[in-house]
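Here is a short note to read beside the model. Please keep the structure open as you go through the points.

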Amino acid sequence: MIKQSIFGRIAQLAKANINALIDAAEDPQKMLDQMVRDYTENIREAEAAVAQTIGSLRLLEQDHAEDVQEAREWGNKALAASNKAEEFRAAGRGSEADKFDNLAKVALQRQIQYETEAKGAEPQIQAQTEVVEKLKDGLNKMRGKLQELSNKRDELNARQKTVQAQAQVQDALKAFDVLDPTSEVSRFEDKIRREEARVLGQQELAASSLDAQFESLEELGQQTEVEARLAALKSRSAERIVSSEEV
């Protein structure tokens, strides 16, 4: 069950299309954060299970090596007992030769027993080795997928911060856009223009009043000159009358 669970997670990770998942997510940032946490936990559990599987394989290999060594040693013992039996048989000591032949048979039986156990363990060791290799490969894929997720999350974080910074800059520029009638600067400029227009109006009004005053002065000057000339005419007329009377 543990192996099947690990293989299932590895297969799910290998088939995961991160871009498709991001497109379908309402909040890609939260989705990626959760996926990173989930896959990190999956990897941790998988590593523990793989380590246990590797440990079991190593025990099988040790038992197999011990069985092979035992078979070899019992084979040597059988050979030694058989050689000793031949020596006794050549010396005419048949009973002792039969004794060592029996010992050789016992040793051969032990050899066969350990060889059988070693041979029986080999398919299991081979199968377990294949499982371990697949699990190791699956773990590497899971780590690669986790790195891909982390990179994608960091990329989205950076892009989001860039977008936020750009939005702040645009907002700041808009606040000082003199062409924006809703901006503070535009309203301040409009206020100044109205004040300038008021001052121009006052100046124009003052200029009009001054012109009128000068026109009054000119008319007064003309009247004064007329009176002066009239007085001169009267003076000359009086002088002529006086002169006539004297004659």
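1. Burial comes first. Of the 247 residues of the chain, 22% count as buried. Buried means under 20% relative accessible area, exposed means over 50%, and partly exposed lies in between (1.4 Å probe, protein chains only).

2. A word on the source. This is a predicted model, where local features need pLDDT of at least 70 and side-chain atom pairs count only at pLDDT 80 or more, while totals for chains, interfaces and linings use all residues. Residues are numbered from 1 along each chain as its sequence is written, and side-chain values use heavy atoms, leaving out hydrogens and water.

3. Check the confidence. pLDDT is the predictor's confidence in each residue, from 0 to 100. The chain averages 79, and 71% of the residues score at least 70. Helix 1 (residues 2-15) is lowest, at a mean of 54. Helix 3 (residues 28-90) is highest, at 89. Where pLDDT is low, the predicted coordinates should not be read in detail.

4. Now the elements. The chain has 5 helices and 0 strands. Helices (H or I, at least four residues) and strands (E, at least two) are DSSP runs, numbered from the N terminus.

5. Compare with the record. An unreviewed UniProt entry annotates residues 29-63 and 132-166 as "coiled-coil region". Positions follow the numbering used here, feature names are shortened, and annotations may be inferred rather than shown by experiment. In the model, residues 29-63 are 100% helix, with end C-alpha atoms 51 Å apart. Residues 132-166 are also 100% helix, and their end C-alpha atoms are 50 Å apart.

6. Look at the rings. Rings of Phe, Tyr and Trp (its six-membered ring) pair if their centres lie within 6.5 Å; planes under 30 degrees apart count as stacked, over 60 as edge-to-face and the rest as tilted. The count comes to 1 aromatic pair. Why is the pair of Phe-88 and Phe-100 stacked? Their ring centres are 5.4 Å apart and their planes are at 25 degrees, so the pair is stacked. Phe-88 lies in helix 3 and Phe-100 in helix 4 (residues 94-175), 12 residues apart. Phe-88 is buried, at 13% relative accessible area. Phe-100 is partly exposed, at 22%.

7. Finally, a charge. Lys-77 lies over the face of Trp-74, 4.1 Å from the ring centre. The rule asks for NZ of Lys or CZ of Arg within 6 Å of the ring centre and within 35 degrees of the ring normal.
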